[in-house]
Amino acid sequence: MSGVLPVAEGLWTDEAQPRLIGGRHGQTGEIVFPMPEGDAAQHYDPVPLSRTGTLWSWTSQDFRPKSPPYAGPEAFVPFLLGYVELPGQVIVETRIEGANLAELTLGMPMELVLTEFAPGRTTFAFRPCA
Amino acid sequence: MTQVQIIGAGIHPFGRTDGRSGRDQGVFAVRQALADAGLAWTDIECAYGGSDSAGNADIMVNELGLTGLPFINVSNGCATGGSALASARNAVASGQCDIALAVGFDKHPRGAFNAKPGDWGLPEWYGETGMMLTTQFFALKIQRYMQLHGISRETLGKVAEKAFRNGTLCDHAWRRSPVDLDTILNAPMVNDPLTKYMFCSPAEGAVALIIASEKKARELGADGVKIASIAVRTRPPGSFEVFAPAISVDRGGKPTELASQAAYEAAGIGPEDIDVAQLQDTESGAEIMHMAENGFCQDGEQEQWFAEGRTELNGQLPVNTDGGCLACGEPIGASGLRQVYENTVQLRGRGGARQVPGNPKTAYSHVYGAPGLSAVAILER
């Protein structure tokens, strides 16, 4: 994705098959997402998360969120979002790509992709596994 | 601790009142509560109040009178009203004073609430990518619940249909016209499975409650309603709440369950003893899930409850008898107190066309809000 910038640094790994970066708590081992910032970060070590998981819940966004904070295009196209459970790690909120509402079912396998949610800016999303 | 009663209740109609500030709506409600209790402002010994978006409550003394009373501003998000009531109740129960005021008011701009990530300790990208909306949370929670527990879209619609039907009978409601089930189900989608008629809207309104010791209430010959218990709780580990970029795979408890159990325990009664309930209905799904979280039914039984009309005004457990948030709208600072106001009306038998039959003796109210807190109050007659 040359010429496009991530919506934020440090959200996913820079590799051919990117992975989200979570934080593992030094004492409890609990995994959170995103990796905490500021003083809270001292308690966590960055950890790449699974690229695949299962669909935990979903919905559609049918109206344009207010800007700011929303940074998507003015011409609004409804999108899907949900939570994907990365087994044994954490359940992440995410945009959903490559699926219609009617196709989504609880527990369906999902995999990470990057998506250009606004001109020149990418974010992470999950899509049903091929 | 001293037993405590609500001896005066006032409300400014919910909805939109152009040209009247949120705080002036609060003053309106206080005056109505004073008149209801047969008291003057000079009788109030301490006050607790607040709003989310309409300024500080203590400025109301400019209008009500400079009596020198202690007036504590409460700012606790969706639990602002509930926290004000808990504080006023505690002030009387502890013997600090005999008569206290709890007041909540608000006035929000039109449209969905617009939260700033930084205010909630969240990164900017969360808002930039369009995932920081309260409406999404409610849709995501009920979507999963429907899949797991067999709740139908039609039942979501029946919640809203009941709310608007009850609202037609309620003079403080905003939405006063019935909406039929087909219209609700076929309305534009906001966040699947929730259509626009299944969501409440930010609005305006105010509620004031006057709290007194049982002894004082008796002296005054007040038409009082006993506060059996109040519990406010924040979220436990592993809960699923508004504005969560991720949640734990170790699923845990819910703030509503904690507040509910604490309130039942303190009142010494259980859900089977409740005659009428006001449950947070930010949207249709919330009322359904909160029926179970507050102990009134098992997960999934709501489908049958709605099919049989058990939560209608004349049902086994009338729920949201004034139309709830769906018909009244949601002025954050006033919304939780509206539920207690409505329960006070019902227990006094003053509900008019929406009065629950059979002289209800116990009433339950539950408010839920961001970032994961609940307040429950149980009243008894």
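I noted B:Ile247 as the bridge partner of A:Ile91 in S9(B). The model is predicted, so I kept in mind that local features need pLDDT of at least 70, side-chain atom pairs count only at pLDDT 80 or more, and totals for chains, interfaces and linings use all residues. Residues are numbered from 1 along each chain as its sequence is written, with chains lettered from A and ligands numbered from 1 in the order in which they are written.

I then took the interface as a whole. I found 29 residues of chain B in contact with 37 residues of chain A (contact: C-beta atoms, placed from the backbone, within 7 Å). On the chain B side, two or more residues each come from helix H4 (124-128), helix H5 (134-149), strand S5 (189-191) and strand S9 (246-248). Helices (H or I, at least four residues) and strands (E, at least two) are DSSP runs, numbered from the N terminus. H5(B) gives the largest share, six residues. I sorted this side into 15 nonpolar, nine polar and five charged residues; Ala, Val, Leu, Ile, Met, Phe, Trp, Tyr, Cys and Pro count as nonpolar, Asp, Glu, Lys and Arg as charged, and the others, Gly among them, as polar.

Next I checked a sheet in chain A. It is open, with three strands in the order S3-S2-S4 and antiparallel pairing. Strand S3 (31-32) and strand S4 (44-48) of chain A stand at the edges with a single partner strand each, so one side of each has no neighbour in the sheet. Strand S2 (residues 21-25) of chain A pairs with S4(A) over five bridges, in the antiparallel sense. In S4(A), A:Pro48 is the bridge partner of A:Ile21.

Last, I looked at chain B overall. I counted 13 helices and 12 strands. The C-alpha atoms fill a box of roughly 55 × 50 × 40 Å, taken along the principal axes. Of the 381 residues of chain B, 59% count as buried (20 or more other C-beta atoms within 10 Å of the residue's own, C-beta atoms being placed from the backbone).

Definitions and conventions: Two residues are in contact if their C-beta atoms, placed from the backbone, lie within 7 Å. Two strands pair if DSSP finds at least two bridges between them. A residue is buried if 20 or more other C-beta atoms lie within 10 Å of its own, exposed if 12 or fewer, and partly exposed in between; C-beta atoms are placed from the backbone.
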